[in-house]
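Dear colleague,

Please find the structure below. My notes on it follow.

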Amino acid sequence: MLHNDGIAITAEKINTILKAAGVTVVSYWPSLFAKLAQNKSIDDLVLNASAAGGAAVAVSAPAAAAAGGAAAAAAPAAEAKKEEAKEESDDDMGFSLFD
């Protein structure tokens, strides 16, 4: 929103938007995103988010928080998938108890 309106992106302004939207985030996210916005073009981040691979995840969380927390609901689902992937059976490892 700040970028679209041509307003400088600062941690204070991000916090104001988050508070107005009723969204709570860990206190360091607004300042990290503000620093990112100073060093990178927001247009480039948005347009190249899918090409960035793993970096897109790091960018999407603060961006979604600034946009109202839409990705906050998706984050637990992603964590659940990670936990499922960690569980492996003996069959997946190439051996079993009776080999």
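A nonpolar core is here a set of buried Ala, Val, Leu, Ile, Met, Phe, Trp, Tyr and Cys residues joined through side-chain atoms within 4.5 Å, where buried means under 20% relative accessible area. Note that the model is predicted.

The largest nonpolar core has twelve residues: Leu 2, Ile 9, Ala 11, Ile 14, Ile 17, Leu 18, Val 23, Phe 33, Ala 34, Ala 37, Ile 42 and Leu 45. At least two residues of this core come from each of helix H1 (11-21), H2 and helix H3 (42-47). With four residues, H1 gives the most. In soluble globular proteins, nonpolar side chains tend to be buried together.

Val 26, Tyr 28 and Leu 32 make a nonpolar surface patch of about 270 Å². Leu 32 sits in helix H2 (residues 28-39). Its relative accessible area is 42%, and that of Tyr 28 is 44%. Patch residues need over 30% relative accessible area, so Leu 32 at 42% passes that cut-off, as does Tyr 28 at 44%.

Tyr 28 also belongs to the one aromatic pair in the structure. Its partner is Trp 29; the ring centres are 5.5 Å apart and the planes make an angle of 35 degrees, which is a tilted arrangement. Planes under 30 degrees apart would count as stacked and those over 60 as edge-to-face. Trp 29 is partly exposed, with a relative accessible area of 28%.

Regards

Notes:
Residues are numbered from 1 along each chain as its sequence is written. This is a predicted model: local features need pLDDT of at least 70, side-chain atom pairs count only at pLDDT 80 or more; totals for chains, interfaces and linings use all residues. Side-chain values use heavy atoms; hydrogens and water are left out. Patches are made of residues with over 30% relative accessible area and no salt bridge: like charges are joined within 9 Å, nonpolar side chains (Val, Leu, Ile, Met, Phe, Trp, Tyr) within 5 Å. Accessible areas come from the Shrake-Rupley method with a 1.4 Å probe; for residues, only the protein chains shown count as cover. A salt bridge is a side-chain nitrogen of Lys or Arg within 4 Å of a carboxyl oxygen of Asp or Glu. Buried means under 20% relative accessible area, exposed over 50%, partly exposed in between (1.4 Å probe, protein chains only). Rings of Phe, Tyr and Trp (its six-membered ring) pair if their centres lie within 6.5 Å; planes under 30 degrees apart count as stacked, over 60 as edge-to-face and the rest as tilted.
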